[in-house]
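Keep the sequence and the 3D view open as you read.

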Amino acid sequence: MKNNVLAIILGGGQGSRLAPLTESRSKPAVPIAGKYRLVDIPISNCINSEIKRMFVLTQFNSASLNQHIKNTYHFSTFSNAFVDILAAEQTPDNATWYQGTADAVRQCMQHFLNHEFEYALILSGDQLYHMDFNEMVKEHAESGAAISVATLPVNAKDAPDFGILKTNSESEITSFIEKPSTDQLAGWSSDVSSEMKDKGRIYLASMGIYIFNRDLLIQLMSNPDTKDFGKEILPQAIGTHKIHSYEYNGYWTDIGNIDSFFEANLGLTDPVPEFNLFDSTNRIYTRPRILPPTKISGETVLDRSIVAEGCIIDSVKVVRSVVGIRSRIGKGSQISNSYLMGNDWYQNMGESDTMVDTHDIAIGIGERCVIDNTIVDKNCRIGNDVKLKGGSHLTDQNTDLFTVKDGIIVVKKGVVLPDGFVIE
């Protein structure tokens, strides 16, 4: 079955809700868990499911995403496996950029049809989950459906953020509403497992993961007026084509905003995290780097934290935090409930010594800093005695150096915070 599947990974739009992390990169290129990028999740799920023909559709701020994919996913010369990037392009027949998820697929159909496939597996590039797609493809084929939608039970609080659907006794989708208001939820509850009922998760939400039969996809993509799968394709197909609900009860989160991104990363530090990075059967693949082991000096305390390769940590306290590749943290600093994305390069010793002499700020975190409820983007230079204390007491704001959203401080990529800088 898997040899008849072609995976199409959508790179997403501008990602404004995830700003400032998306000011210079697309959503799928945002670093996660200290060493991966979000796009590694769907690609890894495909590889683990032995689906090894993948297209990634990109548009906004796609340079770093394109570079990451090009440098990461290499397959045998004698294999038909590939991860190909399809950037939005203007052609004589089409002068516009992607206008939505369905329009992105439509504009790239000529490339897909160069390959043999029976099913098109359409995925999002900004979600965190493990899934064996073979099970979904098998259920799709056995149900005789033309379209399958992966669904997840959610509660009333989260339901307005999703497309909500209803099914009959054979798991066939009979009705669909895109992002209903709380007032519209009456009558949209579904028959879910007792475990889900106990958690109040009684509404079936679309996960934005679809399977289309090849012939139907070609037919649907011939209509240029439909731009989006959730808003138009699915509602219009109900009653016309058999649409199957593949119910998924595992961990899944949509990285749609700063708060969900922050919680997804800090959740990885839990004693038994809902998303398991330490699973040999569900590996997450990423760019292989030749980095030294992390070096920890002095009276450093690490508690419930993840530390990536190549870090230099000197007499600090790190609690419930994620420390990304090549991070440098100076003496006496305290990091808690934070995500340090790390750095793309090391400063050589001579350059670091010169900076100390001239009072310039070295890359990384300085000495005696206090960082709490904060995301520090890549390649930042944070001086000594800096205090960054996020929390509900802070109002939302955006400056050239940092952004505050929902009490979370986000230090922008590559900025310099001088000695004694304070946000609290």
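Which residue just after α1 takes a positive phi? That residue is E50, with a phi of about 60°.

## Ground rules

This is a predicted model, in which local features need pLDDT of at least 70 and side-chain atom pairs count only at pLDDT 80 or more, while totals for chains, interfaces and linings use all residues. Residues are numbered from 1 along each chain as its sequence is written, and side-chain values use heavy atoms, with hydrogens and water left out.

## Helix α1

Helix α1 covers residues 40-48; helices here are DSSP runs of H or I with at least four residues, strands are E runs of at least two, and both are numbered from the N terminus. Because 8 of its 9 residues are buried, α1 is largely enclosed by the rest of the structure. Buried means under 20% relative accessible area, exposed means over 50%, and partly exposed lies in between (1.4 Å probe, protein chains only). Among the buried residues are D40, P42, N45 and C46.

## Strand β11 and its partners

Strand β11 (residues 203-213) has 10 of its 11 residues buried, so the rest of the structure largely encloses this strand too. Two strands count as paired if DSSP finds at least two bridges between them. With β8 (residues 147-154), β11 pairs in the antiparallel sense over 7 bridges, and V154 has Y203 as its bridge partner.

Strand β6 (residues 119-124) is also antiparallel to β11, joined by 4 bridges; here Y119 partners N213. Strand β9 (residues 163-167) runs antiparallel to β11 as well, with 2 bridges, and L165 is partnered by L204.

## A parallel open sheet

Elsewhere you can trace an open sheet of 6 strands with parallel pairing, in the order β15-β18-β21-β24-β27-β32. Its edge strands, β15 (301-303) and β32 (422-423), each pair on one side only. Within the sheet, β18 (residues 317-319) and β21 (residues 334-336) run parallel and share 3 bridges. K317 stands opposite Q334 in β21.

## Salt bridges

The whole structure holds 12 salt bridges, each being a side-chain nitrogen of Lys or Arg within 4 Å of a carboxyl oxygen of Asp or Glu. One of them links E309 and K35 at 3.1 Å, N to O. E309 sits in the loop between β16 (306-307) and β17 (312-314), and K35 in the loop between β2 (31-32) and β3 (36-37), so this pair ties together parts that are 274 residues apart in sequence. Both count as partly exposed: E309 has 28% relative accessibility and K35 has 24%.

Another salt bridge joins R304 and D303 at 3.4 Å, N to O. E367 and R368 meet at 3.2 Å, N to O, and salt bridges that share partners join E367, R368 and D385 into one network. E367 is partly exposed at 32%, as is R368 at 42%.

## A negative surface patch

Where does negative charge gather on the surface? Look for D259, E263, D396 and D406, which form a patch. Patch residues have over 30% relative accessible area and no salt bridge, with like charges joined within 9 Å. D406 lies in the loop between β29 (402-405) and β30 (408-411), and its 56% relative accessibility makes it exposed.

Note on methods. Patch = residues over 30% accessible without salt bridge, like charges linked within 9 Å, V, L, I, M, F, W, Y side chains within 5 Å. Areas by Shrake-Rupley, 256 points an atom, 1.4 Å probe, with all protein chains shown as cover. Lys, Arg positive; Asp, Glu negative; His and termini not counted. Charge placed at Lys NZ, Arg CZ, Asp CG, Glu CD.
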